[in-house]
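Please read them with the structure open.

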Amino acid sequence: MRTEVVGASGVRIGVRVEGNESAPAILFVHGWAQSASAWDLQFADPELRRRFRLVAMDLRGHGSSDVPHGGFDDPATWAGDLASVLRFAGEPAVVVGWSYGGLVITDYLRVHGTRGLSGIVLVGAITEIGRNHPGGLVGPAMRAALPAALSDDLAVALPALTAFSEGMAAREVPGPLAQALLGTALAVPPAVRGALFRRDVDSADVLSSVDVPTLVVHGTDDAVVDPRAGEYAAGKIPGADSRSFHGVGHLPFVEAAEEFNTSLLSFAEQRASADARTER
């Protein structure tokens, strides 16, 4: 089912929701120049669907969400968008952030702390952005794509985004999926693709204050977000658990979907059980 919620400054945020309506929620936050459709293999998993309410948002400027003129450089704006979807999903929820989605979660933490969060899963994620911020280290595929991928000239942007989409995975992915990744990226306006990079964010204090269980997942062959960015987050977040997916790139939830879904299911079930004990 597709619906929408009202995010910060009245922006309409597209939301995808499926699964068990009466169950605890898992909220998915996609990455730069993608959409809620990135999580197709999680939404198709029968055990995740049976056990949880699955909710995925389209970031502002992406997918079916509004494309506002501003707010892309403001942590409070991203935090407000995520807070609105979190209220819709049902609190407390496990929130899963892939790539830039990890930075959006960090924005939420900066403004709201861990209120409404049962647990956090960071997947090939950045938690910082800008020069000399270890939580935002990128890999060769990302470096090679910029700045051409931000151009409003199709002849410049298309080759860069094509190479970037191909570079996301270390393992072979089906051709239609590779084309879908490219198509989704092209559908994001160039101004939005560029605006997401015009930020300078240090998150050391924010990460150190996290007080809910956190799982950090990263592919060892990620060429988009350097695995050291995941190691940094795992080292800063108290008690964080980390899991490396060997031979996997920037798409562990696609390249190793069964393994990823099993790990997510286990983590989310542990959090749901702990929350239920707390309520009693």
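1. Start with the helix pair H3 and H4. In this predicted model, helix H3 (residues 75-89) packs against helix H4 (residues 100-112) at an angle of about 95 degrees. Their axes are 8 Å apart. The two helices are therefore roughly perpendicular to each other. On the H3 side the contact is made by Pro75, Ala76, Trp78, Ala79, Leu82, Ala83 and Leu86. H4 contributes Tyr100, Val104, Ile105, Asp107, Tyr108, Arg110, Val111 and His112.

2. Asp81 deserves a look. This residue is in helix H3. Is Asp81 buried or exposed? Asp81 counts as buried, because its relative accessibility is 0%, and the cut-off for buried is under 20%. Leaving aside neighbours within four places in sequence, Asp81 is in contact with Gly7, Ala8, Ile13, Met57 and Arg60.

3. Now the sheet. Eight strands form an open sheet in the order S1-S2-S4-S3-S5-S6-S7-S8, and the pairing is mixed. Strand S1 (2-6) and strand S8 (241-245) stand at the edges. Each has a single partner strand, so one side of each is left without a neighbour in the sheet. From one strand to the next, the twist averages 25 degrees.

4. Helices on the sheet come next. H3 packs on the sheet and touches S1, S2, S3, S4, S5 and strand S6 (117-123). The direction of H3 makes about 160 degrees with that of S4. Helix H10 (residues 227-236) lies across S6, strand S7 (214-219) and S8. H10 runs at about 165 degrees to S7.

5. Consider strand S3 (residues 25-29). How many of its five residues are buried? Five of the five are, and the strand is mostly covered. Ala25, Leu27 and Val29 point one way from S3, while Ile26 and Phe28 point the other way. In a regular strand, side chains alternate between the two faces of the sheet. Here the residues on both sides of S3 are buried.

6. The pairing around S3 can be checked strand by strand. S3 and strand S4 (residues 53-57) run parallel, joined by five bridges. Within this pairing, Leu27 has Val55 of S4 as its bridge partner. S3 and S5 also run parallel, again with five bridges. There, Phe28 stands opposite Val96 in S5. The antiparallel case is strand S2 (residues 12-19) with S4, over five bridges. Gly19 stands opposite Arg53 in S4.

7. The whole structure holds 10 aromatic pairs. One of them joins Trp98 and Phe253, edge-to-face, at 5.0 Å centre to centre and with 75 degrees between the planes. Trp98 lies in strand S5 (residues 93-98) and Phe253 in helix H11 (residues 252-255), so the pair ties together parts that are 155 residues apart in sequence. Both Trp98 and Phe253 are buried. Ring pairs also link Phe28, Trp39, Phe43, Trp98, Phe253 and Phe260 into a cluster.

8. Two arginines sit over rings. The charged end of Arg53 is over the ring of Phe88, 4.8 Å from its centre. Arg53 is also the residue opposite Gly19. Arg51 lies over the face of Phe52, at 5.0 Å from the ring centre.

9. Most residues other than glycine have a negative phi, and most peptide bonds are trans. Which residues are joined by a cis peptide bond with omega of about -5 degrees? They are Glu91 and Pro92; Pro92 is in the loop between H3 and S5. Another cis bond joins Leu146 and Pro147, with omega of about 0 degrees. Pro147 is in the loop between helix H5 (140-145) and helix H6 (154-167).

10. Ala33 has a phi of about 60 degrees. Ala33 is in the loop between S3 and helix H1 (40-43), and is buried with a relative accessible area of 0%. Ser99 has a phi of about 55 degrees. Its place is in the loop between S5 and H4. Ser99 is buried too, with a relative accessible area of 10%.

Notes. Residues are numbered from 1 along each chain as its sequence is written. This is a predicted model: local features need pLDDT of at least 70, side-chain atom pairs count only at pLDDT 80 or more; totals for chains, interfaces and linings use all residues. Side-chain values use heavy atoms; hydrogens and water are left out. Rings of Phe, Tyr and Trp (its six-membered ring) pair if their centres lie within 6.5 Å; planes under 30 degrees apart count as stacked, over 60 as edge-to-face and the rest as tilted. Helices (H or I, at least four residues) and strands (E, at least two) are DSSP runs, numbered from the N terminus. Buried means under 20% relative accessible area, exposed over 50%, partly exposed in between (1.4 Å probe, protein chains only). A charge sits over a ring if NZ of Lys or CZ of Arg is within 6 Å of the ring centre and within 35 degrees of the ring normal. Two strands pair if DSSP finds at least two bridges between them. Axes are lines fitted to C-alpha atoms, for helices over the stretch in contact, and angles run from 0 to 180 degrees between N-to-C directions. Angles under 35 degrees count as roughly parallel, over 145 as roughly antiparallel, 65 to 115 as roughly perpendicular and the rest as oblique. Contact means heavy atoms within 4.5 Å.
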